[in-house]
Amino acid sequence: MKDDGLDLDGLLAVAREAAAAGSAVVRRHLGAARDVREKAPGDWVSEADTASEAAVREALRRGAPEVAFFGEEGGGVRAEVGWFVDPLDGTTNFVHGFPVVGVSVALVVADDPVVAVVEAPFLGDAYWARRGSGAFCNGAPIRVSARAPEQSICATGFPFRAKEERLPTYLPVFERALRDFEDLRRAGAASLDLAWTASGVFDGYFEQALGTWDVAAGGLLVREAGGVVTDWAGDPRAWLASGDIVVGPPAVHARIMELIEATGSDR
């Protein structure tokens, strides 16, 4: 498929190869998380992060040398057409031996994700999508859930990067969501929260203050699986830059937005 002059099928194949390379590195490093340092309170980086990013970057360079690259750990170039990579989403989980971690690779064109791959290295699942062609897990099509909001289990993530700034707006929404939905989950890896929402494991997801690399791939998965993706003010494009994200099937997304609006947390 050609889109914006790009061969998205070919670029998806490159992204899948790159995510697989990163996942292989993460698996090799399990149990050997040496040289762990704290970038900010609660925000860790390990040898596995940097080694995975190097492997992903090299695979993308080989497959698409003309496309700019930006990784969570090493940075890079933010371009009109470029890759955004989280080489080990859930580093704190990884350091503690909790196997809920992801490798996320997204191609973004004009602030819109068009190719997405999320791998769960220790769970054996690979999710992928390209714009306009649906979303898949291990080759099988996936769709968001059809549960009623009151029967829904939604995922969330705590704003650990900016607690003092964000908790006053986050906690009222968390409390109302806990009362309104059947239950909540906090797994600690945004890329997988989004992939699981796309596949109907979770019925919705909301979080604040994430990086573009955290949400770009997963956001496209949800959208291609029939879900709605916006920021906390309901903007369908601003979430990629702000990292304030709400996703779910239309009914659940609408209910989360009602909770946000009722607390004034959209402002």
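## A salt bridge within one helix

In this predicted model, the side chains of E258 and R255 meet in a salt bridge, with 3.7 Å from N to O. Both residues belong to helix α8, which covers residues 250-263. Because E258 and R255 are 3 residues apart in that helix, about one helical turn separates them.

E258 has a relative accessible area of 46% and is partly exposed. R255 counts as partly exposed too, at 22% relative accessibility; the cut-off for buried is under 20%.

## Salt bridges between separate elements

Side chains of opposite charge can pair when their charged atoms come close. The count of salt bridges in this model comes to 12. One of them is formed by the side chains of R130 and D9, at 2.4 Å from N to O. This pair links distant parts of the chain: R130 is in strand β10 (residues 125-130), D9 is in helix α1 (residues 8-29), and the two are 121 residues apart. R130 counts as buried, at 14% relative accessibility, whereas D9 is partly exposed, with a relative accessible area of 34%.

Another salt bridge joins D112 to R131, and their closest N and O atoms are 2.8 Å apart. D112 lies in strand β9 (residues 112-120), while R131 lies in the loop between β10 and β11 (135-137). The pair therefore ties together parts that are 19 residues apart in sequence. D112 is buried, with a relative accessible area of 12%.

## The open sheet

Which strands form the open sheet, and in what order? The sheet has 8 strands, in the order β6-β5-β7-β8-β9-β10-β11-β12, and the pairing is mixed. β6 (75-76) and β12 (140-142) stand at the edges. Each edge strand has a single partner strand, so one side of each is left without a neighbour in the sheet.

At the β6 end, strand β5 (residues 68-71) is joined to β6 by 2 bridges, and these two strands run antiparallel. Here F70 stands opposite G76 in β6.

## The second largest pocket

Rolling a probe the size of a water molecule over the atoms shows where empty space is left. The second largest pocket has a volume of about 190 Å³.

What lines the second largest pocket? The lining consists of R78, A79, E80, F84, V108, A110, D111, T212, R237, A238, L240 and A241. Sorted by class, this lining has 7 nonpolar, 1 polar and 4 charged residues.

## The protein as a whole

The protein has 8 helices and 17 strands. Its radius of gyration is 17 Å, close to the 18 Å that the globule rule gives for 267 residues, so the protein is as compact as a globular protein of that length.

Taken along the principal axes, the box filled by the C-alpha atoms of the protein is roughly 50 × 45 × 30 Å. Of the 267 residues, 55% count as buried.

Terms used. Residues numbered from 1 in each chain as written. Predicted model: local features only at pLDDT ≥ 70, side-chain atom pairs only at ≥ 80, totals over all residues. Heavy atoms only, no water. 1 Å grid on protein atoms, 1.4 Å probe; cavity = no way out; pocket = protein on both sides within 12 Å on 5 of 7 lines; lining within 4 Å. Points joined across faces, edges and corners; volume = space filled by probe spheres on them. Nonpolar A, V, L, I, M, F, W, Y, C, P; charged D, E, K, R; others polar. Salt bridge = Lys/Arg side-chain N within 4 Å of Asp/Glu carboxyl O. Helix = DSSP H or I, 4+ residues; strand = E, 2+ residues; numbered from the N terminus. Buried < 20%, exposed > 50% of the residue type's maximum accessible area, 1.4 Å probe, protein only. Pairing = 2+ DSSP bridges. Rg over C-alpha atoms; globule rule 2.2 N^0.38 Å.
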